[in-house]
Amino acid sequence: MPGTHHPDSSPTSTPRARRPRVAVVFGGRSGEHTISCATAAGVLSAIDRQRYEVVPVGITPQGQWVLVDDDPAALELNDARPPVRITSEGLGRGELSAPLGGGPLRVSTSTGTRVLEEVDVVLPLLHGPYGEDGTIQGMLEMLGLPYVGCGVLASAAGMDKQVTKVLLGAAGIATAPHVAISARSWAGERERILEACQALDYPLFVKPARAGSSLGITRVERGGDLAAAIEAAREVDPKVLVESGIEGREIEVAVLQGRHGAAPRVAEPGEIVMDASQGAGEFYDYETKYLAHDAVAMVCPARIGPQERELVMDTAARAFEALGAEGLTRVDFFLTPQGRAVVNEVNTMPGFTPFSMYPYMWQVSGLDYTALVTELIELALERSTDVNR
């Protein structure tokens, strides 16, 4: 199968005259702003300060870039306080800008403008639109700045669940049957769309096509509830996907780009196990994922047989290649009772807190959290910023 299950846990790098300077970017304009801040809290706590200089950069919900105090505790999810929001008056301390086509980053503050010292690589810990969808990747390409993770095309394709299905289908990888609904078709062909959805297998899952963290997803048991579920998803994204429910265990697989052109590396698969008695929802929704801490267990390695393990690991590596991914992805599966691996989605910037499944799968596979962050940064530093690479 493609990929090596257990990566080298001691990444190598070319000696440099000084430590590389890493801009850790988080927050953003999407509904996953707070989750992005929590991811940044974990990375800022774990990044190897002996190896890298770190510049924390927040993006407010309005899109303003600001320098942020290097205080991971202020960014963590905490039930005892309101959700974290980056603001220019609060956590921020200066607006950040950069000239198109390259040049130094500049910080504007109440006392004037100064040039930020050279940034060698950007670690964009942004989830959802305006970050995970190719937008910041395109900006960084224009600036000539190396960055961690997938490029423009793979990021955009991974963000759009329908486009992901098209690319995976072309590679012979199974996904759930679906109906895609654009804003135009919903406005002019509502009855035809609802009729097409009736051909899918219930329960149906109605979801925004370009959102993450399970935002806006509804499980629908009967046709009379379908239109309302579509409207709820449209509040998050005007493009909506309606999918057949797939019976199966929820298996996740972490994929990491190979070094120097080698095949993708694949971690031990993990499984999401939910306990309804502890408050888990009907599916792995936002509340279950982030708020019902006692209701979900992450089991890794997943308790599956060797053939199933080989199947999901092989398919995850193939999905990484089908999207033209770089850096990292997490591929989420339904493993059916018949032994089929059906891809639910591909995440090009998965949750990355110390308690998230992606780093946990790599930890079990022999690569700890700090070493994983180092590996991703080194992969980015090795990659050319030439868009025709």
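**View 1. The two residues that UniProt lists for "binding site", Glu-345 and Asn-347, in a predicted model**. The listing comes from an unreviewed UniProt entry, which gives Glu-345 and Asn-347 under that heading. In this predicted model, the lining of the largest cavity takes in both Glu-345 and Asn-347 from this set. Glu-345 lies in strand β17, which covers residues 341-347, and Asn-347 is found in strand β17 as well.

**View 2. Glu-345 and the residues it touches**. Glu-345 has a relative accessibility of 18% and therefore counts as buried, the cut-off being under 20%. When residues up to four places away in sequence are not counted, Glu-345 touches Lys-161, Arg-330, Val-331 and Asp-332.

**View 3. Asn-347 and its polar contact with Asp-332**. Asn-347 is buried, since its relative accessible area is 12%. With its neighbours within four places in sequence left aside, Asn-347 is in contact with Glu-132, Leu-328, Thr-329, Arg-330 and Asp-332. In the case of Asp-332, the two side chains make a polar contact, at 3.2 Å.

**View 4. The largest cavity and its lining**. A search of the whole structure finds 5 cavities of 30 Å³ or more, and the largest cavity has a volume of about 130 Å³. This cavity is lined by 15 residues, of which Gly-158, Met-159, Lys-161, Glu-345 and Val-346 are the closest to its centre. Helix α3 (152-159), helix α4 (161-170) and strand β17 each supply at least two residues of the lining, and β17 gives the most, with 5 residues.

**View 5. Asp-160 in the loop between α3 and α4**. Asp-160 is buried, with a relative accessible area of 9%. Not counting residues up to four places away in sequence, Asp-160 touches Ala-209, Arg-210 and Lys-239.

View 6. Although Glu-375 and Gln-257 are 118 residues apart along the chain, their C-alpha atoms are separated by 9.5 Å.

**View 7. Helix α11 along its length and at its start**. The end C-alpha atoms of α11 are 20 Å apart, which agrees with the 20 Å that its 14 residues should span at 1.5 Å a residue. Helix α11 is mostly covered, with 11 of its 14 residues buried; among them are Tyr-369, Ala-371, Leu-372, Glu-375 and Ala-380. At the start of this helix, a side-chain oxygen of Asp-368 reaches to within 3.3 Å of the backbone nitrogen of Thr-370.

**View 8. Helix α1, residues 33-46**. Helix α1 has 14 residues and reaches 20 Å from its first C-alpha to its last, which is close to the 20 Å expected at 1.5 Å a residue. Helix α1 is also mostly covered, as 13 of its 14 residues are buried.

Conventions
Residues numbered from 1 in each chain as written. Predicted model: local features only at pLDDT ≥ 70, side-chain atom pairs only at ≥ 80, totals over all residues. Heavy atoms only, no water. Helix = DSSP H or I, 4+ residues; strand = E, 2+ residues; numbered from the N terminus. Expected span 1.5 Å × (residues − 1). Buried < 20%, exposed > 50% of the residue type's maximum accessible area, 1.4 Å probe, protein only. UniProt positions renumbered as here; feature names shortened; annotations may be inferred. 1 Å grid on protein atoms, 1.4 Å probe; cavity = no way out; pocket = protein on both sides within 12 Å on 5 of 7 lines; lining within 4 Å. Contact = heavy atoms within 4.5 Å. Polar contact = N/O pair within 3.5 Å; in protein donor to acceptor, adjacent residues only side chain to side chain. Points joined across faces, edges and corners; volume = space filled by probe spheres on them.
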